[in-house]
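Here is a short briefing for a reader meeting this structure for the first time. Look over the sequence and the model, then go through the points by topic.

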Amino acid sequence: MADTSDTRTPAEIEADIRRRREVLAETLDAIGVRVHPKTIVGDAKAKVVANLDHTVGRAYVQVNRVVSDVRAQFVDEEGAPRLERVVPVALVAVGLVGLLALGVRRRGR
């Protein structure tokens, strides 16, 4: 059974209906934008980029920490090189480069 205690005029009822239709149309438009394939793809790309930025940032911090630790091994507090550590590493590097050069030269024959 319908409630007959509504004291609104027909014009007020029509205005309410018009307002509700406008709100419903806006809501449907917003839903349409959210479920549009381009919006979904754009949101997915944004999430991937955000995660990638976070991962790259963490990697950058970690690499900086490792570089600082390695640098501390080869440089003293004043910034001068620690020859007792630099010379052996340089000799090993020269030896490895020499071995690689000989290996390349032998394969070329």
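## Briefing

Arg-71 is exposed, because its relative accessible area is 56%, over the 50% cut-off. This residue belongs to helix α2. The model it comes from is predicted. The protein has three helices and zero strands.

**Confidence**

- The mean pLDDT of the protein is 90.
- A score of at least 70 is reached by 94% of the residues.
- Helix α1 has the highest mean pLDDT among the elements, at 95.
- Helix α3, residues 83-108, has the lowest, at 88.
- Where pLDDT is low, predicted coordinates should not be read in detail.

**Overall form**

- Read from the N terminus, the elements follow the order α-α-α.
- The radius of gyration is 36 Å, while the globule rule gives 13 Å for 109 residues, so the protein is more spread out than a compact globule.
- Along the principal axes, the C-alpha atoms fill a box of roughly 100 × 50 × 25 Å.
- Buried residues account for 2% of the 109 residues.
- The accessible surface of the protein is about 10100 Å².
- Carbon and sulfur atoms hold 63% of that surface.

**The nonpolar patch**

- Five names make up a nonpolar surface patch: Leu-24, Leu-28, Ile-31, Val-35 and Ile-40.
- The patch covers about 470 Å².
- Helix α1, residues 10-34, supplies three residues, the largest share of the patch.
- Ile-40 sits in helix α2, which spans residues 37-74.
- Ile-40 counts as partly exposed because its relative accessibility is 48%, between the 20% and 50% cut-offs.

**Salt bridges**

- The structure contains three salt bridges.
- Asp-16 pairs with Arg-8 through their side chains, at 2.1 Å from N to O.
- Asp-16 also forms a salt bridge with Arg-19, where the closest N and O atoms are 2.8 Å apart.
- Arg-8 is partly exposed, with 36% relative accessibility.
- Arg-19 is partly exposed too, with a relative accessible area of 48%.
- Glu-77 and Arg-82 form another salt bridge, with their closest N and O atoms 3.9 Å apart.
- Glu-77 counts as exposed because its relative accessibility is 70%, over the 50% cut-off.

- Val-70 is part of helix α2.
- Val-70 is partly exposed, at 41% relative accessibility.
- Val-70 and Asp-53 are 17 residues apart in sequence. Their C-alpha atoms are 25 Å apart in space.
- Arg-71 and Pro-81 are 10 residues apart in sequence. Their C-alpha atoms are 9.5 Å apart in space.
- Val-75 is placed in the loop between α2 and α3.
- Leaving out residues up to four places away in sequence, Val-75 touches Ala-80, Pro-81 and Arg-82.
- Arg-82, one of these contacts of Val-75, is also the salt-bridge partner of Glu-77.
- Val-75 and Arg-85 are 10 residues apart along the chain. Their C-alpha atoms are separated by 9.0 Å.

**Points to keep**

- The protein is built of three helices, with zero strands, and is more spread out than a compact globule.
- Asp-16 has salt bridges to Arg-8 and to Arg-19.
- The nonpolar patch takes its largest share from helix α1, and Ile-40 in the patch comes from helix α2.

Terms used
Residues are numbered from 1 along each chain as its sequence is written. This is a predicted model: local features need pLDDT of at least 70, side-chain atom pairs count only at pLDDT 80 or more; totals for chains, interfaces and linings use all residues. Side-chain values use heavy atoms; hydrogens and water are left out. Patches are made of residues with over 30% relative accessible area and no salt bridge: like charges are joined within 9 Å, nonpolar side chains (Val, Leu, Ile, Met, Phe, Trp, Tyr) within 5 Å. Accessible areas come from the Shrake-Rupley method with a 1.4 Å probe; for residues, only the protein chains shown count as cover. A salt bridge is a side-chain nitrogen of Lys or Arg within 4 Å of a carboxyl oxygen of Asp or Glu. Helices (H or I, at least four residues) and strands (E, at least two) are DSSP runs, numbered from the N terminus. Buried means under 20% relative accessible area, exposed over 50%, partly exposed in between (1.4 Å probe, protein chains only). pLDDT is the predictor's confidence in each residue, from 0 to 100. Contact means heavy atoms within 4.5 Å. The radius of gyration is taken over C-alpha atoms; the globule rule is 2.2 Å times the number of residues to the power 0.38.
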